[in-house]
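The following note is intended for a colleague who is meeting this structure for the first time. Please read the points beside the sequence and the 3D view.

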Amino acid sequence: MDNYEQLKADNKRLKKRNEWLQQANSDLNKEIEATYERIHQLTIKIEEIV
């Protein structure tokens, strides 16, 4: 495989890896937002108790 073909293969692999990482990042951001909201709600309840 010449350099050009190797670069094409590497680029294809990296594009797939990037897509996977972007999806994983999006999923983690959603989890973080949900956790932040849960903490916010719990903080409100604690303030009501105290």
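**Note on the predicted model**

1. Asp10 is partly exposed, with a relative accessible area of 24%. On this scale buried means under 20% relative accessible area, exposed over 50%, and partly exposed in between, with a 1.4 Å probe and protein chains only. The side chain of Asp10 meets that of Arg13 in a salt bridge, at 3.9 Å from N to O; the term requires a side-chain nitrogen of Lys or Arg within 4 Å of a carboxyl oxygen of Asp or Glu. Both residues belong to helix α1 and are three residues apart, about one turn of the helix. A search of the whole structure finds one salt bridge.

2. The model is predicted, so local features need pLDDT of at least 70 and side-chain atom pairs count only at pLDDT 80 or more, while totals for chains, interfaces and linings use all residues. Residues are numbered from 1 along each chain as its sequence is written, and side-chain values use heavy atoms, with hydrogens and water left out.

3. Along its principal axes the C-alpha trace spans about 70 × 10 × 10 Å. The C-alpha atoms of Leu14 and Leu42, 28 residues apart along the chain, are separated by 41 Å.

4. Of the 50 residues, 0% count as buried.

5. A nonpolar surface patch is formed by Leu42, Ile46, Ile49 and Val50, with about 460 Å² of accessible area together. Patch members have over 30% relative accessible area and no salt bridge; nonpolar side chains (Val, Leu, Ile, Met, Phe, Trp, Tyr) are joined within 5 Å, and like charges within 9 Å. Areas follow the Shrake-Rupley method with a 1.4 Å probe; for residues, only the protein chains shown count as cover. Leu42 is found in helix α1 and is partly exposed at 35%. Val50 is found in the segment after α1 (3-49) and is exposed, at 83%.

Terms used
Helices (H or I, at least four residues) and strands (E, at least two) are DSSP runs, numbered from the N terminus.
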